[in-house]
Structure formats: structure tokens, C-alpha cells
Amino acid sequence: MKARAFEYAKATSLQDAFDAFARASGDCCYLAGGQSLIPSLSLRLQAPSLLIDISGIGDMRGVGIVDGMLRIGALTRHAEMLTSPEIARHAPLLRLAAPHVAHPAIRNKGTIGGTIALADPAAEFPAVVLALDAELEIAGPGGRRRTKADGFFKGLYETGLEPGEILTAILVRPFDKRDRCAFDELARRRGDYAIVGAGVQGRFHAEQVEALRIAFLSVGPAPVRARNAESAVRGRTLSPAVIADAQATLHLDLDPAEDAQTSRATRLHLARVLLGRLLGKLAREARNEGGRA
Amino acid sequence: MTGALSSLDRPNTYIGRSVSRPNAKRLLAGRGRYVTDLQLPRMLHAAFVRSPYAHANIRSIDASQAAAMTGVHLIATGVDLAKLCKPWVGTLDHFAGMKSSPQLPLAVGKVVWAGQPVVAVVAETRALAEDAAELVAVEFEEIDPVTDVDAARAPGATLINPELGGNVAFHTRIESGKVDEAFRGAAAVVEETLLFGRHTAVTLEPRAIIADYDPSEERLTVHHGTQTPYQFQDIYSRHYGLREARVRVVAPDIGGSFGMKLHVYHEDMAVVGLSMLLGRPVKFVADRLEAFVSDIHARDHRVTARIAVAADGTIRGMEADDVTAIGPYSTYPRTSVVEGNQVVRLIGAPYRFRDYRADLNVVFQNKVQTSQYRAVGHPIACAVTETLVDRAARKLGIDPFEIRRRNIITQDMYPYTSPTGYTFERLSHEACLDKLHALMDYPRLRLEQEALRKQGIHRGIGIAMFVEITNPSPAFYGVGGARISAQDGAIVKITPSGEVHCLISVGEHGQGTETIVGQIVADGLGVDHGAVRVFTGDTDVTPHGGANWACRGAGIGGETALQASRTLKRNILSVAAAILQARPDDLDLRNGEIVDAATGSARLSLGEIARIAYFRSDTLPGGVSPQLTASHHYTPKGFPFAFTNGVQACHVEVDVETGFIKILKVWVVEDCGRIINPMLVEEQVRGGVVQGLGAAFFEECLYSENGQLQNGSLADYLVPMACEMPDIEIAHVETPTQDTELGAKGCGEAGTAAASAAAINAVNDAISPLGASISQIPMTPQRLLRALGHA
């Protein structure tokens, strides 16, 4: 299939992009890395009349500490999550998740802002920013605002972005030496959308969990936190029994759909296995390095 | 190796050497020219309006809006093309009682699968044609779809083709010996129902065609990504009423075919008609979504089978019942029943029991047509046989290698005719089994398995023996009335500087045919391999032949090339003898030089002979008329098929919590007769194994109850990819066929034939201590978890 005809405009600044959006008649889309949008146009699933290319906007790039927070420009490529020393040091969960994001060719083009703004429930980074308790920096014709990742993902491809708004940066509290994190997913083939995946990050006092955030992907219409499991481990040491308690709560928070390949029950089962393995990994790390904290 | 040594066994022969592909650099450099790359003057593009329903009547078609668009040149319906194109029927005479309805390029009156082309739109670009196609309004009236093989055969079932009086395309029963007695006297009987998912070829290059009709000469040229250009010359000529000599089919570079690119497709037939209506070239390239709903699908079997064994593991008999689902029609011109027919005839093939009974039912469905795809029927027959043998061995406490050793057809039994009527000239089961046992270090693997089991790591080892049909004679299709050639032709000629062109009817689509034909010609003539250029796939240029199907390129094409080069060599030596005033028998052609046969001393270059023959024949003695072009056609005449054999092993690790399986390693020992190029044989085997592992673990066309394909994209339909594929170690046994001088048999399907069977046995070996078993492929995490009682 070939895409329907569309107009293309290259924005040089945010203001330029907003102006183009305001002038547009009919459907209009922002284009960043294009790794989801362009296939969708080619499949005629979307047919906007105008694409506004925001990939050249300078202040949406760069990774660094700003006012005590790690600021990740929305145009940061997935591949940079694997190479940036700042990401490795201050947001290692992103580093852990990045190898699971598609394949190198896609990681070289796709952007973190694009994947979060699209909010594919099977994508890795939306779940990761939930687990990181990140803040999202959003610019619009009316100015800039910040919002928590919690509450941003509202449903299938549905977010808190208003029409015309652009996600400009992701802000993450830097990783602390008391923090631990883990990410894993179960995908039939390397780089596929996972049957289920999860990122966890928490603060530990020796072997005891002070607070832990658990976010799943591919188990519902949007990335979702397993709040009951988080409660089950808060203030406790990750013993096999505690982990089992956390696993047993997952059905309260996850609402996986049935599809042609995997039943709802299987997805829940796999989510429990995955959570058990991730928490088991954190428990082993805490046990081995507990004295250090 | 058996038989007398010939020149092919010389130490410096090209035969048996891993000569690299002459076309590899060109393709890697992006210089390949596929149909998709071709841009012809005045060329237009076709897109199709397809049925969204699996089964429906067409109430009305309104294309007025689309027709009014600028740049749209033609909109054609089924009725429009039916005026030009004679319908085709996918039956063959030797399948007694088989039925199928006539087919036309576009649907007329009703649609019978979701994705069937209904209206063709031809415009200046593909995008424009798609824009216009979206504006064509077709009104459908849904009919109950037939999507289940049992419901299809139940009384009162909706009939897909009411004129046929039922939904069964073909039924056959094979019975040999005293099956009931064999089962009555058995020490153990094992029964199993195995389910084999539907999958499809997923060639890297999708189907592509440009039809270019020139009304001034009533001449049709079709640039076609096909493995059988000669077959299509015949079909386009007969179905569109064109003079055969004026129909040219050119198959340029082709990105994979696997049996998928030799069937008649509705869009391809439509494109020919569209070009005739317009008098302009019309191009159609199936995109990936179209490929999933129009390329043939394969497999889709439910086999219930039983094996009877004596206490010592001797197989006493087998019984099988195969129900296989095809599309709404049998494909043309090879039918959709060959697969099932080969399943029931290949079950038990490596073993020497005589009592066998099988039923085959081939059932119409409102789904995409199924037909021949790499290793037609073999993976099913192999998996049925080998899972039953393994289960019987487990029941009797016999090692999997041992039970096979006790049952295989042995060297003293050849030629051997199977209970289903196949005659094996000579196979090498004992040698293959022994070689595999050593190659994989079987005893060490078993010890490791035992040790790891104690740590909760569940590994499994599976083996599977296979027999493969190659080098088919006219007994395959010709006897059934199909105009599908079992012979191939080659023309070999010397250029004026003494280099060589070979024009041959077998084709190149990634498997290395050009390379091996070049080796054979260089060897047959006695010239440097680099001096030979091979041309394939153009019905105006290359000789008529069967081309590529059922593993025949090396065995039939290779022998053709060898004999043509031998003839040409004799011609060259007779000219040389006239020039040198010697006897032809005292001369030889070696490395491009005429030499004294006894001493090897150089007398004259081939270039000099060509110069004299082409430019100064006046200097030759009277009566010498140089013939520096020779041709040869070859058809298998001895055994109807050259059967090959081998054995595979698969090593897996099952994560019993998630149902995920890691494929650790695959070993293959195969015997394809004389090996022309070991590297290419191994590439063929590896590629085949990967496709077999795809079937075992990943690939499946999933249909909803109402006949909608649910995973028709490469995001949802999982092809095996490099990260999941294991190392594949290969070893060879060589038993050349005595039917040809070359002695080569086919190797293209050996990998696929047994890979999924070995995988099933490996997984069951891993999970059987947990009391679990699986008998359905692909073995998805979901199915594994169900087998393990988790979900």
C-alpha cells in the first residue's frame, strides 16, 4: 500500500510548529522519528492532510541535569538510551529497557518523545516513565506545562496531550545509590512487541523496600502500575513469600485482553512469573549488596 | 560412494567444490533487477478492491466515482475479464474423483475468501490506483462461511461450491498388508492426533508481475517473479487465446519462491487481461498485506495416527487419517491435493513395516487457497511418523536411536518399494544415523540433560528421520494431464573468444542454480569456471523446461547441463582434431586449452578454435563444419523419483514457567547423492531447517471463526529471525543415483522435511518427565503452558 497524498512542513522552532498547526485545515500530525507514524500512513490507517516535521527543533534535544532533575529531550533517539552516560547513571531503567525496543534500525530513528506521545500499550518507554515517576514537559500554543507520567496515559493511544501540544522533554529524579531497578519482558522474538513486560524501580533500606513502583506493558489498553503489588512489598523484605503476595495481587490491577495468540489467563500468568523474576532479582541484589546501602 | 569413477571424481574437478556464487556481489551491491525495479514506457499500475468477507454474494458494484478520477485508466470487474479469460480448473486426472470449480481472475457473483480480488483499478501510479479503489462501492450479502473441516463435512453444511455437491475436494484410501492383524498382535499401540497450523511462504520479494501486451503484433511479454516461466507461457497463451510463440515470460532476479511462486494467482491472471484491454504495460506488486491474503498458504492438517509395535520395538503397522483444509478451490495447475497425497504416502517411509492404511480427506474452506510449499507434505508425514516412533520407544523404554536402528530399511533391501508404492533406489539410513550419533555426541548430551534436570533446567533431545522426493519424472504431473514439463533443456555455446554461455531452463531465485550449472558446464567442457556465464528464465531465449519445483535443479538441470557440455566438448575436439591433424580421442580440453590427452601438453587454445570457426572457417579442411553450439534435453527415465534421506536432531531448553523455548542447536545429516557444491547444499539445508523451525515454533495464519485472517502482517505473523535460530551443524553421506552420470539428487527440501518433527520430539523429550506432552505446531508459549497445566 502507498500512503495517501499529504502536505509536509519542516518546523524550525516550537513556535513555527504551533503556527503551522494553527494554519492547517483538516487533520495534521507532528512527525518526529516516524517509526510508528510512517508505517501507519503507508497502511492507510491514518491519512493526515499535513505532517509537521518537528525533528529539527533544537531545544527538544539533549540529555543532562537541569535544576537537579535529569532532563531528556523528547527528540532523544532510542539508541541514545544505550549510549548516553547520563542515562546510564541517572536513569538506568531506561538503559535496561532500551535493548528490548524493536531493532537497531528503528532505535536509530525512533524518539522517546514520539513513543510516549503515541502511547502504544505494548511500547517499553511509556511503562518505564511510569515506573520512574517521571514528569513530562509539554509545550503548546498557550505556553509550557508539566504533568506527572501518572495520569498521562489515559487509554489506547490516548494521552493527556491537548490538540496542538508537543511533548518536549521527560524529567526524571536522578537515580540514587539506595535505588534499585530491573526491566524484562517476554517476547516471542527479540524486538517483537512483548506478550508482557514490566519495569520496576524502588528505594531500599538495606534489604527492606521503602517504596517501589511497578509498571507493566502489554497487559491492557495503556501502560499500568501494579499498585496493589507495590503496596504488598512496601516496607518489607523481598522474601519468596512477600514476592508471592505481590504476584497474587496482579489480577486487581492488570486487565489484559485476549488476542488470537494469547489468552487473558496466560498473560496474567506470565505477568506473575515476570514480576516474580524481577522482584527476585532485586532481592538478590539487595541481599548481596545490602551492607553497602 | 558406489559405481565406477568418472571425470567428475578427478581431484581438480569443480564438482564437490564450494565455488562462491557469481551473482552474490551483484545482489549485495544492490544491482539486482527484480520485477519491482522495472519501469517500462507507458506503464500503468493496478490495485485491487478485495472482499472483506469470507463468503458473500456480490449485490452490486458502483465504480462511477473512481472511474471519474483523473489518472485512472481502467476499472474492470470479474465480468469484464471473464470475456477475455478462459476459466481454469485445479484438478488432475490421476487424482481419481477430485473436484474443484472453475476460477476466473476476479470474483463473479460471489466471493469465497476474505481478500479475494473483486474489482481491478488501473491508474498512473499505485497510490492513485489505491485512492480510486477506495471509492469503488461494492455491496455484499454475507453467506455463512465454511471455516471448520468437521462442520464443512457435516450433513446440511453450507456448500462453498454448490455445483460440486459437497465440500470435499478429494478422498483417497491407501491400504497395504494386514493392518488389523498387525494391531491385534501388538505389544504396544500408541495413538495421537497431531495438529499442524496453516502457514505461508513470506518470500523476501513479494509476488510481482508486469504484463505488456502489444496489440500490433498480438504479442504478450510478462515480466514475472516466478519459478516456472515456461508453465506460465503455456497458461497465458491458452487462457487468453494467444499464439504460444508470441507469449514471452521473463523471470528476472527473484527474491525467494519456496514453491509459492509457481501457482496461478487471480491478480496475475487479471493483470494480463488488463494489459490486453489497455494495450499498455500494467504492473502489480503484492504488498505484504496482500501477500498474506493471496499467496498460497500451506499445511493445515489434522492427522490422527496409530502405530503398533512388538515388544522389541519392531514396528508392525501404522494407520493414519489426514484431514486437510484447502481454500475454496484447488489451485491451478498443480492442485491442492498433492500435499495431502504426499503426507499419506510418506508416512513411515524410512521404516520397513508392510502393514499400512491411510485415509485422506481434502476439504474446501472459505480461506486463502493452500498448495505446494517447500517440502510438500514431508514435514507432516515426518512429524506423524517420528512422534509415534518416539512415543512407542518411550512406552517400551527403548532409546530413540535404537528403535530407529531396529526398523530402518537396510542396505540389503534395495531397491525397495514402500507399502504406498514409492520405489527407493538406494538410501543410507544406517550411515546417517551413525553419523548423527557421533556428530551430536549423543551420550554426552543425555548425561548433561540428566544433570541439568536436577537443577530444574528442562532440556530435550529429539531426532527425526526423513525420506524426500526429488528429481520427479513425468509421473508427478504429466500423467495427470498437466502441461508441466519434467524435462529440462540446456544450450551451451562458445563465444568467438573462447568463453562460454549456457542457457538453461532451470532458474535462479536465491538457491544457487546459476553457480552449480556454471560449475557443471566448466567441468563438463574443461574450462575455467569464470569463463562460463549462465542465463535462465526467459521463454524467448532459454530452452523449454520444468524449471524449479520439487527439488530438480541440480539433479535434472545439472544432468542436462553436463550432457550438453559433453556434446559441445566432442564438437570442439573434432574441430581441433581437424586443425591439428590429430584424432579427437587423442585430444582433451582442459582449462580452456586443447591438450594432448596422454601427456597434457598444450596444443591450441579454445579461443583460437573459436576464432578459426567463426572468422576463418575457410581455412578448415573441406567437410569440417564447426558446431560450437550444442543443446541437450534430459528427462528422468529410470526411477520415477530420486528419493533422498537423512536424519535431524534438535536440542531445546523449555522454560516450564513461561512456556518459552530456546532452540539450542540443530544437527542434520543428509544424503542428496553427489554434492556439486557443499556450501550451497548446506545453505539450502540451513534455510530449510529455519523454515521448519518457523513452522514448529512461530508461523501460523490464524483465522477467526468467520474466516478473517487475524495476523496478516509481519508484526503479527512471526517468521523465524536470526536471534532465535540456533547453530545448525551439517554432515553429509553421498549415495549418487545411478540413473544419471552426475548422480545428484535434490537437497532443497531436506531441511524443512524433518526440522519440525525433530523439534516436537525435542520438546516432548523435555516435558515428558513432567507428565506433559504437546502434539500441535507451532508450539507457542500459550500451547506449552496449556500442555504443562498452567493456563
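**A walk through chain B**

Hi everyone, let's begin with contacts: in chain B, among those with a separation of 6 or more, 80% join residues 24 or more positions apart. Two residues are in contact if their C-beta atoms, placed from the backbone, lie within 7 Å.

Before going on, this is a predicted model, where local features need pLDDT of at least 70 and side-chain atom pairs count only at pLDDT 80 or more, while totals for chains, interfaces and linings use all residues. Residues are numbered from 1 along each chain as its sequence is written, and chains are lettered from A and ligands numbered from 1 in the order in which they are written.

Now the overall picture. Chain B has 20 helices and 29 strands; these are DSSP runs, with helices (H or I) of at least four residues and strands (E) of at least two, numbered from the N terminus.

Let's zoom in on one residue. Val35(B) sits in the loop between helix H1 (24-28) and strand E1 (44-50) of chain B. Is Val35(B) buried or exposed? Val35(B) is buried, because 25 other C-beta atoms lie within 10 Å. Its contacts, leaving aside neighbours within four places in sequence, include Ile209(B), His223(B) and Pro252(B). The C-alpha atoms of Val35(B) and Arg207(B) are 8.9 Å apart, although 172 residues separate the two along the chain.

Next, a pair of helices. H11 (residues 378-396) and H19 (residues 750-767) of chain B pack at an angle of about 30°, and their axes are 7 Å apart. Axes are lines fitted to C-alpha atoms, for helices over the stretch in contact, and angles run from 0 to 180 degrees between N-to-C directions. So H11(B) is roughly parallel to H19(B); that label covers angles under 35 degrees, with over 145 roughly antiparallel, 65 to 115 roughly perpendicular and the rest oblique. Among the residues making this contact are Cys382(B) and Ala383(B) of H11(B), and Ala757(B) and Ile760(B) of H19(B).

Finally, the partner chain. The contact takes 23 residues from chain B and 17 residues from chain A. Which helix gives the most to the side of chain B that touches chain A? The answer is H4(B), with four residues.

Conventions: Buried ≥ 20, exposed ≤ 12 C-beta atoms within 10 Å, placed from the backbone.
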